[in-house]
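Work through the exercises below with the model open.

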Amino acid sequence: MNNKKGVKGFFKKAYKYRAFLLMLLPAVVYTLIFAYYPMTGVVLAFKKYNFSGGIWGSPWNGFENFKFFFQSGQAGLVTRNTVLYNVAFIIINTVTQIAVAILLTEIHGKHFRKVSQSLMFLPYFISWVIVGVMAFNIFSSDYGFLNRLITALGGEKVAFYTKPEAWPFILVFFNLWKGVGYGSVMYLAAIMGIDTSIYEAAAIDGANVFQRIFKVTIPMIMPTTIILFLLSIGGIFKGNFDMFYNLVGTNGLLYNYTDVIDTLTFRALVTNNNYGMSAAVGLFQSVLCFITVVLVNKLVGHYDKDYTLF
Amino acid sequence: MAAERSHLGKVRKGGDVIALNIIAYGFCGLVALLCLVPFLMVLAGSFSSEQAITQNGFSLLPQDFSVEAYKTVFRDPMVVVRAYATTICLTIGGTFLGLCIQTMTAYVLARKEFEWRNAFSFFFYFTTLFSGGLVPYYILINQTLNLRDSYLALLLPLLFSVYNLLIMKSYILGIPDSLIDAAKIDGCGEFRTLVQVVVPLIKPALATVGLFIALAYWNDWYNAMLYIKTEEKYPLQYFLYQQVNNIEGYKKLIANGSVSSAVVSSVNLPTQTLKMALTIVVTGPIVLAYPFVQKYFVQGITIGAVKG
C-alpha cells in the first residue's frame, strides 16, 4: 500500500465494501477492546503493579514475578496438576462417550434410548455452582450420602473435604458426569454417518455383533475420535476454573492435589492482590496454550484440512 | 435426534445379540441413572426436615417430609425474585444483542465476494489462540472501563464468542449464492438481504447459537464474582453461590463460638435443607425448559464440530 494507486485502490474497495465493514464494526470494536487491548496488558508480568500507575505507569521489575512463581515451587505443582487432570479427563471422557454412543445405537427400544440420552445430556445444562452443591450433598463428611452408605455398611466416616487424595477421583467423576451426554453426541453423529452397506457386508461374512462393533464401528469413527482428541489436547494447559473453584473452593487443605493454573491465577489476583505474579502465571499459561494450539492445528491439518482453525 | 434411525438392518438373533442387548441396556441405563441421581438427592434433601438430615445425612428420598426449607427461601421473596429478574433480563438482552452481532459478522465472513474476509477471519480467530489472561481483563473491566458493580460487567464479557461465530458462519455458507445474488439483482442492499433473505433461512442456527448464548448468561456466576459487589445486583447463580457459602460461614461462626448454638437453635434456621431448596429453586426452570431445547443443542454440537 505504499504507492498512490494502492492507497486509492484501498479506499475505493473500502467504499465498495462499506456495508460489509459497517456490519463488521461492532464485532471488530468489541474484539479490539476485549481481546486485543488486554493482550498488551501482558507487560504487567514484568512489572510491579501499583494502582496509581496502572498498566503503563507501574515500574518494571524484570523477571521478579516469574522468579517468585517458579522458585516457590507453585509453577511445577499447578502445571503438573493441570496437565494430569486434563489427560485423565480426555482419556476417561473419550472412552466413556464412545462407549455410550455405540451402546445407545444398539438399543432398539426407542423410548428407552431417547429417555436415557436426555438424562445423560441434562447435567450439561446446569451451572458448576449447582454441581458444587451436589458434590457437597454426596461427599460431605457429616451429612453426605456416601458417608451414610459407608456407615450403613459398617464402615468409618471418611472426611472427603480434608482428604486430598480423594479429589482426583471426585473431580474426574463430576467432569465426566457433566460432559458424558454432550460429548457422546459427536460420536453418535459419526456412527450415524457410517454406510449401512458395510454392516450388511459384515453380517454376510458372519461377523457377530461384537466383531461388528470392534471391526467396523470403532475403526470407522476413528477419524472423528482423533480430531476430537487432538482438539482437546489443544486445551491441555487450561484448567476448568468453574469446576475446580466450585468443587474445591478455597479449601487450602486440598490444594496439593487440586490447584490448577487457573485457580492459582485467580487467587494471586483476587485473594492476594498480587497483580504482577498473577499476570506472570497468566502469561506463562497463554504462551503454553498458544504453542500447543499451533502444534495441534498442524497435526489436525495433517488428518483433515476441514477441521483446522486457521 | 442423532439416534433416531436404527442402524443395524436385519441381523440374526444369536447369543451375541442378546449379550450385547444386556450390556447396552445395562450400561446406558446405569449412566442415565447416575446422571439423574444427584438431582433427585438435592430434591429429596430440599423436602426433608433439617433435623432428619443432620441426624441421618442426605438420602434418595425425602426424610420426615417438610417444606420448611422452601419457606425459608421465600421468607423474603423479593431477594429471589430480584436475582431471577437480573438473570432473565441479562439473558434476554445478551442473547438478542449477541445474536445480532454474531449474525452480521458471520454473514460478512461468509460472503465470498468480500475479498478481505480471510484477513478479518484471522483477526477473530487469533483471539482464540492467544489471550492476555485474567489480570489485564480484570483491570480493563474494573479500572479502564470503570464497570465495577455495573450490569454491563455481566453483559459484555459473554456477548461475543468466536465459536458461536463459526457455527453461524458454516450455516450461512450453506445458503446457495444464487439466493443472495437474486436479492441483490432485485436491488436489496446488504442489510436488507441479510434481514429478509438470510435470516429466515438460518432460523435453526439462530435457535442453536441463541440457546448457547442464553445458557452462558443463565449459568454465569464468574463475572458476578469478579465484578459485582452489591448484593442486590447478584444474578441467580452467584446469588446461590453466595447463599451456600454464607450458610457455610454461619456454621463456621457457630463452630468458633462467636454465635452461640442456643441462638441458632432458637431461630431454628434450616441450613443443609435450605441449600438444597435454593438449588432446586435455581435449577427448576432449566430442567423444565430442557426437553424443548435439547435438540437445538444437539444440532449445534454437530455443526460446530464439523467446521470448528
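**Exercise 1. The interface**

How many residue pairs are in polar contact across the interface of chain B and chain A?

Solution. This is a predicted model, and side-chain atom pairs count only at pLDDT 80 or more.
- Step 1. Apply the rule across the interface of chain B and chain A: it returns 22 residue pairs in polar contact, both residues at pLDDT 80 or more.
- Step 2. Find the main contributor in chain B. Helix α1 (residues 15–46) of chain B gives the most to the side that touches chain A, with 20 residues.
- Step 3. Sort that side by class. The side of chain B that touches chain A holds 77 nonpolar, 25 polar and 12 charged residues.
- Step 4. Count the residues in contact: chain B supplies 114 residues and chain A supplies 104 residues.

**Exercise 2. The charged pair**

Which side chains meet in a salt bridge between chain B and chain A?

Solution. 
- Step 1. Count first. The rule finds 1 salt bridge across the interface of chain B and chain A.
- Step 2. Name the partners. The side chains are those of E115(B) and K13(A).
- Step 3. Check the distance. The N to O separation is 2.9 Å, and the cut-off is 4 Å.

**Exercise 3. Chain B as a whole**

Solution. 
- Step 1. Chain B has 15 helices and 0 strands.
- Step 2. It has 308 residues, of which 54% count as buried.
- Step 3. Take the contacts in chain B between residues at least 6 apart in sequence. Of these, 74% join residues at least 24 apart.

**Exercise 4. Helix span**

Why does the length of helix α6 (residues 110–121) of chain A agree with expectation?

Solution. 
- Step 1. The helix has 12 residues, and at 1.5 Å a residue they should span 16 Å. The expected span uses one less than the number of residues.
- Step 2. The end C-alpha atoms of α6 are 17 Å apart, so the two values agree.
- Step 3. List the buried residues. In α6(A) they are R113(A), S116(A), Q117(A), S118(A), M120(A) and F121(A).

**Exercise 5. A buried alanine**

Which residues does A135(A) touch, not counting those up to four places away in sequence?

Solution. 
- Step 1. A135(A) belongs to helix α7 (residues 128–139) of chain A.
- Step 2. Its relative accessible area is 0%, so A135(A) is buried.
- Step 3. The contacts of A135(A) are S140(A), Y161(A), F174(A) and L247(A).
- Step 4. Compare sequence with space. A135(A) and F174(A) are 39 residues apart in sequence, and their C-alpha atoms are 8.2 Å apart.

Definitions and conventions
Residues numbered from 1 in each chain as written. Chains lettered and ligands numbered in written order. Predicted model: local features only at pLDDT ≥ 70, side-chain atom pairs only at ≥ 80, totals over all residues. Heavy atoms only, no water. Contact = heavy atoms within 4.5 Å. Polar contact = N/O pair within 3.5 Å; in protein donor to acceptor, adjacent residues only side chain to side chain. Helix = DSSP H or I, 4+ residues; strand = E, 2+ residues; numbered from the N terminus. Nonpolar A, V, L, I, M, F, W, Y, C, P; charged D, E, K, R; others polar. Buried < 20%, exposed > 50% of the residue type's maximum accessible area, 1.4 Å probe, protein only.
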